[in-house]
Structure formats: structure tokens, C-alpha cells
Number of protein chains: 2
Amino acid sequence: MNLTNYLKNTVSFPSEELEDIISYFERESVQKNNLLVRQGQVCAKLYFIEKGVGRSYYLTEAGKEVTQWFFIEGQFMSSIESFFQQNPSLYYLEMLEDAVLYSITRENLDLLFARYHNMEKLGRLLSTEMLTRVVNKLSAIQFQTARERHDYMLTEFPDIANRVALGHIASYLGMTQETLSRLRRATP
Amino acid sequence: MNLTNYLKNTVSFPSEELEDIISYFERESVQKNNLLVRQGQVCAKLYFIEKGVGRSYYLTEAGKEVTQWFFIEGQFMSSIESFFQQNPSLYYLEMLEDAVLYSITRENLDLLFARYHNMEKLGRLLSTEMLTRVVNKLSAIQFQTARERHDYMLTEFPDIANRVALGHIASYLGMTQETLSRLRRATP
DNA sequence: CCCATTTTTTGACATAGGTCAAAAGAAACC
DNA sequence: GGTTTCTTTTGACCTATGTCAAAAAATGGG
């Protein structure tokens, strides 16, 4: 999924708006295991993923990584709180495969929000969509067994299991990797 | 917190816009224990709470209520997914105290979004804010002990403990009410 | 292709928090 | 103000999942 098509499918931009908007994005090739943002830094950019998978994660006091979210092709990726409020990020952003990204700075995004009503609408729709996704995960995590959480994940990220390490998925689901491993073995 | 001030503080609306926007909201008095939406219904309105506390909850297969979120004065309340996508709601919306609400329909809200760029911006800001809140809860729930989750709650809803039943809070935190009760006793 | 490193699986054991049941306390209602 | 109903606390016991450790399998670089 490329950025132009994605934007078109979400809001019906006149083509001159679309061109102007796209011109503020910058193409970046990023290698596997690269960090886009570290915990404590202000997240400077919003990324659109044309190709690749990424995740956000944080470190516990014990030094363990906890995956917060996965981001795949055709989605925007950022440390949202940090990017929008310009706070130090609570999360690391990491690419888990070689990736092609399109990035935009906060400044330029704000400029586009102010310039185009349509752009503001896009922002609203993306936020709302992400919000419902996070709420769905919350429902799954809040009161379900390890097995049910795993089933939820398959609906949100169907093929993630083949793309990222088991340990990353386990922490995303709020369980240890041993538990996830046993769960998989037991699954018929 | 009333609606006019709330809007003013969030986006700098010209006063004629503000007046027009406000005119689409309708004041409603709702009594304690009233349901605004039932599971399975499409949520028709977005509510602003001037006074009172509400919650969203769902029923498990075993018939237990699980609180999803609390909504207090000065916040918008809705079954977000249902309201914005016009899907059947996964949640009940219930007021837990006698309340004063201002409601707007989806139709009118869309009309205002289309009419005023500022309104679209408001929508975006509210979504983003809610998103960061939900993400915070998720972090708390995903990998923390019962005690830590409880501490998180106190930052998000400092005085909620005095306003709503313990069982509602327990399920919000993803634990049983017995566990929450024991936790409180043990807290110095 | 081999060695080093990382990831996944397996086993033995520990424990936080769940379940069930009943008592105690508060609130609501006539 | 006494009875009913709802809410919170307490106790005894249980289980899903965590922890720690080590083996097995997969991956990656030279």
C-alpha cells in the first residue's frame, strides 16, 4: 500500500491538495533492528509504512522489553503521545524488518492541518480508527485468558506470527514467552 | 465544567461559530443507573458530561459486567466505535450518578465537522487525547501487578473510589472485587 | 559449512490472584 | 426503625501463569 493511495482511500482530496501534501513527506529506507526513536527522546516524525513491520516497546525496571504495539504496511507509526504533545517518548520505536517509510515532521503536519480542512479530517479519522483498535486490545487484555488474548491478536495482526519473534508477541499480549510457546503447542 | 468553556479552552472558536455549534447540542437530565445505550444498539449520540459520572461496560459470556471506562464531568462520553462507525455497540453506557448531559447526534456532528475547520480540529484533538489515555491504561494493565494497576487508576480518576461501587472499579482494573478489597485493606 | 548467537521449547516448581461461600456492613424502601 | 437488598470484606482453597534453568532448534556471519 503506498501513501498516495492510502490518502485517497481515506478522504477524497482534490488532486492538487494531494500533491502538495505528499510533497511534505520524505522517503526513508530503514534497516531491520533500527530504532526510529528511543525512550526519552521527543518523537520528531510521523511515519507511514509502505513496506515492513515495526513495533513500539518500553523497558521495565527489570530491563525487560514490553511490546506495546505492532505497525504494518499501510499504517501510520509513531510514538503518538510524544509526537503530538512533544513530550519525551515513553517508548522505543523499532523496525523489525527492512522497511520503506514516508515521514513528516510535526511542524509540516501542523501546517497541512491548518492549510487543508480535508487534512484535519484525515487526522481525525486516523485517530478515531487507532482509538478503536486500542480499545479492542484493551478489552482482550483486561479480562481474558492467555488463549483468548492470543485469538484476539490473530484478528488484529493475522500474519504477525511469521514475521516477528515470539518474545515480542508474548509481551504484546501481556504474557511470558514460555506461556505463549506452550499455548501454541497446545493449539490444535 | 460547562460545554461552552470546554470548547473555548480546546480550540479558539470565533464566537459566532461557537454559538452555532452549541445550538446543535441538547441538554438532558439523566438519573442514576439509567442506560444511555445498550449492547447491540447503535449509539446515536455523543454526550458531554456537565455533571455526573458514567461508565461503559460489557457483559461476559458468564454474565458478569466488565467496566471498560469511566467518564466524568468535563469529558465526552460515547460508545466510540458504535457512534463513529454506526456499528452495534459492544458496550452499555450507564450513568452512575444523577447527571446533566449535552448530547449531539452523529448527523449534526458531521454537519459541524463539514462546516467548520475548527470543529474538525476539535474532533482530532479529542480523539488524540482519548487515544493517549487508553494507551496509558493499556500499559498499566498489560504487565503490571494488581497494586500497580490500582495506582495507575488513582492518577487517571483520583476520586473515583468515593463515587462508584468497588465492583465497577475492580473490573475496570481487570481484577476481581475480592482482590481489590484485599488490596485496599493492605494499603497503608 | 561451521561456530556463535539468538530464539524457542521443555521441565520443575512457586505464587498472585481467581473461585466459591458466607458473614458483616451500608443503603434503600416501606 | 425494621426489613430487604445490595455492597464489601473475610476465609479457605485452587489454578493459570510466572520464574528459573537448561536443552533444542533456528538463524546469521565469516
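Reply: Helices here are DSSP runs of H or I with at least four residues, and strands are runs of E with at least two, both numbered from the N terminus. On this basis, chain A of this predicted model contains eight helices and eight strands.

DNA strand C is surrounded by 15 residues. The closest are Leu166(A) and Ser181(A) from chain A, together with Thr145(B), Ala146(B) and Thr179(B) from chain B. The most is given by α8(A), with six residues. By class, the surface comprises six polar, five charged and four nonpolar residues.

As for the setting, chain A has 188 residues, of which 39% are buried. The C-alpha atoms occupy a box of roughly 55 × 30 × 30 Å along the principal axes. Among contacts in chain A with a separation of 6 or more, 66% join residues 24 or more positions apart.

The two protein chains also touch each other, through 24 residues of chain A and 25 residues of chain B. On the chain B side, β5 (65–72), α3 (80–85) and α5 (117–143) each supply at least two residues, and α5(B) gives the most, with 18 residues. This side of chain B has ten nonpolar, ten polar and five charged residues.

Key:
Residues numbered from 1 in each chain as written. Chains lettered and ligands numbered in written order. Predicted model: local features only at pLDDT ≥ 70, side-chain atom pairs only at ≥ 80, totals over all residues. Near = placed C-beta within 6 Å. Nonpolar A, V, L, I, M, F, W, Y, C, P; charged D, E, K, R; others polar. Buried ≥ 20, exposed ≤ 12 C-beta atoms within 10 Å, placed from the backbone. Contact = placed C-beta atoms within 7 Å.
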